[in-house]
Structures are given as structure tokens and as C-alpha cells.
Amino acid sequence: MAIYTLPELPYDYAALEPVINPQIIELHHDKHHAAYVTGANNTLEQLEEARDKENWGALNGLEKNLAFHLSGHILHSIYWHNMASPKTGDGGGIPDEKDGLGDLPAAITESFGSFAAFKKQLTFAASATQGSGWGVLAYEPISGRLIVEQVYDHQGNVGQASVPVLVFDAWEHAFYLQYKNQKVDFIEAMWNVVNWQDVAKRYADAKANTPLLIPANKA
């Protein structure tokens, strides 16, 4: 029995045009994301078999596979909801100028100095990933601040227990059919579809549900 399932897109394939064309969205969701879901479920079955047979020699490879596929599934599940159609006016813009975002704009300013500085850092983090990876804005539960992370592949180079609230997919399958090898152009365009309402909700949920791991005065 499958543990993980592919979530439906919150919009149709053409909703993010002209930033991302429908062919990319269809392939990215229906093929690539689906493959991570299948991979996670298959690896869980293989881990169960290894436990039953006490085949502990297979454990390291299987744990690595699970981290890869499961993290891919998690990051993509956030990614789809982090975006909204620019045609409706829901995507993009500057969070300081939008209503209903709670503490998010102030948190960005406190953590990075300004929205402009944050935007530059996340843009560079995503576009400068070596090979495949992600740029991520995450809530860090020791300082209680927001940080930018570079995620290599799907799970490497991240702070333990950090909670992603905004993710930019910088794998080639996310942009190559439209932007060719101009990754930075794709990342720059992505700012036009950021769903700040979703990011703000994820930030509020992360603060409310992720207790500080160390009291602030001892961080």
C-alpha cells in the first residue's frame, strides 16, 4: 500500500504563463514529481524487506534513496503552492506592499536588512547551485529567524530542523525547455509568480508549530 501520493496541482497547466509554459508544468508535475513519489514508496518497501531479512548491508544505500525521493516529494509539494498565476494578480509583487501577510514582511527585513537584499540573496543562492538543486527560504528554529539555504539535489547542505517556506526549483527540468541554459533568467522570472499568501501562511505555521530548540538567550 502506497504511503505517499502525488498531490494535484492547485491550478491548470497554463496558469503560470508566461513565466512557466504549460509543457514544463505538465512534465514537471506528472512525470518528475510523480517519479519521486514512486521512488519514496518503492524505497519504503525495500527497507521493509531489508528489515525482515536483516539485510543491514543494504541500509545505507536505501536510506540515501529515501532521503532523495522523499525530499524531492516534499519540496515539490511546497513548490506548486508557492506559486500563483500572474494573470490574476495573485502572484509576484513585493510583500511589504501586500495585505494579509502577518509578520512575514517584518521578518524578512529583520533577517536580511531589506526585501531587496533578501531577493538578491535567494536569487543568487538558487541560480548559483552547482548542478541540480534549490534555493530555499527557511525558518530556523534556534534563532527564530529566516535564513536562505542552497539545497543540492534534494536534501544536501541544509540546516537540520529548518522549515522551508519558499522554494525555487533550480533543476534543469524546471526551466530548460523554455529558458535553455539561462538559469538566472528563470529565477528572476520566478519572482513574478511567488504566492506571498502561501509563504506567509507557511511562515506563521512554522513559528507556531516549531518550538525554539534552544531558548533565544542561549542560542
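Colleague: Is Trp191 buried or exposed?
Modeller: Trp191 counts as buried, at 3% relative accessibility. Buried means under 20% relative accessible area, exposed over 50% and partly exposed in between, using a 1.4 Å probe and protein chains only. This is a predicted model, where local features need pLDDT of at least 70 and side-chain atom pairs count only at pLDDT 80 or more, while totals for chains, interfaces and linings use all residues. Residues are numbered from 1 along each chain as its sequence is written, and side-chain values use heavy atoms, with hydrogens and water left out.

Colleague: How many aromatic pairs does the whole structure have?
Modeller: The search finds 14. Rings of Phe, Tyr and Trp (its six-membered ring) pair if their centres lie within 6.5 Å; planes under 30 degrees apart count as stacked, over 60 as edge-to-face and the rest as tilted. Phe118 and Trp191 are edge-to-face, because their ring centres are 5.7 Å apart and their planes stand at 90 degrees.

Colleague: Where do Phe118 and Trp191 lie?
Modeller: Phe118 is in helix H4 (residues 115–127), and Trp191 is in the loop between helix H6 (183–190) and helix H7 (196–209), so the pair ties together parts 73 residues apart in sequence. Helices (H or I, at least four residues) and strands (E, at least two) are DSSP runs, numbered from the N terminus. Phe118 is buried too, at 0% relative accessibility.

Colleague: What about Tyr139 and Tyr203?
Modeller: They form an edge-to-face pair, with 6.2 Å centre to centre and 70 degrees between the planes. Tyr139 sits in strand E1 (residues 133–140) and Tyr203 in helix H7, 64 residues apart. Both tyrosines are buried.

Colleague: And which residues do ring pairs link into a cluster?
Modeller: Phe112, Phe115, Phe118, Phe168, Trp191 and Trp196.

Colleague: Which residues touch the most other members of the largest nonpolar core?
Modeller: That core has 52 residues, and Ile20, Tyr79, Phe118, Leu146 and Trp196 touch the most other members. A nonpolar core here is a set of buried Ala, Val, Leu, Ile, Met, Phe, Trp, Tyr and Cys residues joined through side-chain atoms within 4.5 Å. A second, separate core of 5 residues includes Leu47, Ala50, Leu66 and Leu70.

Colleague: Changing topic: where does UniProt place the "binding site"?
Modeller: The unreviewed UniProt entry puts that feature at His28, His76, Asp169 and His173. They span 146 residues in sequence, yet no two of their C-alpha atoms are more than 12.4 Å apart, so they gather at one spot. UniProt positions follow the numbering used here, feature names are shortened, and annotations may be inferred rather than shown by experiment.

Colleague: What does His28 touch, beyond residues up to four places away in sequence?
Modeller: Its partners are His33, His76, Tyr79, Trp80, Asp169, His173 and Ala174, where contact means heavy atoms within 4.5 Å. His28 belongs to helix H1 (residues 22–53) and is buried, with a relative accessible area of 1%.

Colleague: Is Asp169 buried or exposed?
Modeller: Asp169 is buried, at 0% relative accessibility. Its side chain makes a polar contact of 3.2 Å with that of His76. A polar contact is a pair of N or O atoms within 3.5 Å; within protein, one must be able to donate a hydrogen and the other to accept it, and residues adjacent in sequence count only if both atoms are side-chain atoms. Asp169 lies in strand E3 (residues 163–169).

Colleague: How many residues of E3 are buried?
Modeller: 5 of the 7, so E3 is largely enclosed by the rest of the structure. E1 and E3 pair in the antiparallel sense over 6 bridges; strands pair if DSSP finds at least two bridges between them. Tyr139 stands opposite Val163 in E3.
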